[in-house]
Amino acid sequence: MSSSRFAGKVIIVTGGGSGLGRDYCNAFAQEGGAVVCADINLEAATQAVEDIRKAGGTATAIECDVTRADEVDNMVKEAIHTYGHIDVLVNNAGIIRRRSLVGTTEEDWDKQVDVDLKGPFLCARAVALHMMERSYGKIVNISSIAGIAGCTSTAYSASKAGLNGLTRQWALDLASHGIRVNTVAPGYTATPINAELRQTPAGKRIGETIPLGWGKPAEITAAVLFLCAEESDYITGQTLAVDGGVTTTIDMGSEYLTFDK
Ligand SMILES: NC(=O)c1ccc[n+]([C@@H]2O[C@H](COP(=O)([O-])OP(=O)(O)OC[C@H]3O[C@@H](n4cnc5c(N)ncnc54)[C@H](O)[C@@H]3O)[C@@H](O)[C@H]2O)c1
């Protein structure tokens, strides 16, 4: 294990068993943190934890469906029982149902909003009660560029935009308790959630319209760890888009970019 930015810190990552969440777990452990890898998929979480331990890190796996208040409360209890306290929560667990407005069923809406909006609420509420007792904590929500610009899906966009709003609200609620709340909004990042999409012509076209191309998990992880570390202590209530510039630009094609002719 290399640096020690998170030595003595306990970090819960929801959805830590695969994709970006797994990358966060590895990085926190590499920087000395004790990681609670919570996932609805216990097998994936257990595998992630075994890999961290093999590399010399400290981690534990907990099965948790973030849409269930009883399981979330149990996750918090188990984390405190195992490591004594919680310093950081990364609200990462998420699903994606790509649907237009008229293609979104009530069931699509309920499922998406349950995991991506209610889940972070339940986790933040449970963890905040504990953090308030200690007058310290960091909560980082993982939203998406879909919460900033229209690009993906009705219920997904609603959940992620909602999470950006909650970030500002919770920052205000919790500042006097020493708890900082921020959001990282990843752009198009190559993970299992979009493996199929990346193989399609649409996926390739997406890559061409992002000024810096498809993102790598490590590039998102660096921003998440920054907002969880003490170096960002004066930052709260912010949503940081880590998206290769895609939400700040309009791609009109390469011909239009020959400015000097
Ligand atoms: N990959 C991208 O390009 C991208 C872009 C923007 C935002 N995001 C966001 O990043 C987060 C992680 O995405 P990813 O690409 O790593 O996805 P992923 O599918 O690879 O991983 C998601 C993890 O969440 C877990 N999970 C799903 N439902 C859960 C539940 N109810 N309770 C607990 N765990 C649950 C899954 O088991 C899985 O391990 C999501 O919130 C997603 O919306 C991803």
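Arg97, Arg99, Glu107 and Asp108 are tied together in a network of salt bridges; a salt bridge here is a side-chain nitrogen of Lys or Arg within 4 Å of a carboxyl oxygen of Asp or Glu. The structure has 14 salt bridges in total. Keep in mind that this is a predicted model, where local features need pLDDT of at least 70, side-chain atom pairs count only at pLDDT 80 or more, and totals for chains, interfaces and linings use all residues. Residues are numbered from 1 along each chain as its sequence is written, and side-chain values use heavy atoms, with hydrogens and water left out.

**Salt bridges between helices**

- Arg22 and Asp51 meet through their side chains in a salt bridge of 2.6 Å, N to O.
- That pair links distant parts of the chain, with Arg22 in helix 1 (residues 19-30) and Asp51 in helix 2 (residues 42-54), 29 residues apart. Helices here are DSSP runs of H or I with at least four residues, strands are E runs of at least two, and both are numbered from the N terminus.
- Arg22 is partly exposed at 22% relative accessible area, and Asp51 is partly exposed too, at 31%. The cut-offs are under 20% for buried, over 50% for exposed and partly exposed in between (1.4 Å probe, protein chains only).
- Asp116 and Lys160 also pair up, with their side chains in a salt bridge of 3.1 Å, N to O.
- This one again links distant parts of the chain: Asp116 sits in helix 4 (residues 106-134) and Lys160 in helix 5 (residues 154-174), 44 residues apart.
- Asp116 counts as buried because its relative accessibility is 1%, and Lys160 counts as buried at 3%.

**Around Asp65**

- Asp65 is found in the loop between strand 3 (58-63) and helix 3 (69-83).
- Asp65 does make a side-chain polar contact with Thr67, at 2.8 Å. That term means a pair of N or O atoms within 3.5 Å; within protein, one must be able to donate a hydrogen and the other to accept it, and residues adjacent in sequence count only if both atoms are side-chain atoms.
- Setting aside neighbours within four places in sequence, Asp65 touches Ile40, Glu71 and Val72, where contact means heavy atoms within 4.5 Å.
- Arg68 has a salt bridge with Glu71, with the closest N and O atoms 3.5 Å apart.
- Arg68 is partly exposed at 39% relative accessible area, and Glu71 is partly exposed at 23%.

**Ile235 and its contacts**

- Ile235 lies in the loop between helix 8 (217-228) and strand 7, and counts as partly exposed at 28% relative accessibility.
- Beyond neighbours within four places in sequence, Ile235 is in contact with Arg180, Asn182, Phe226 and Leu227.
- Ile235 and Gly203 are 32 residues apart along the chain, and their C-alpha atoms are separated by 34 Å.

**A nonpolar patch**

- Ile250, Met252 and Tyr256 make a nonpolar surface patch of about 410 Å². Patches take residues with over 30% relative accessible area and no salt bridge, joining like charges within 9 Å and nonpolar side chains (Val, Leu, Ile, Met, Phe, Trp, Tyr) within 5 Å. Accessible areas come from the Shrake-Rupley method with a 1.4 Å probe, and for residues only the protein chains shown count as cover.
- Met252 is in the segment after strand 7 (239-242) and is exposed, with a relative accessible area of 53%.
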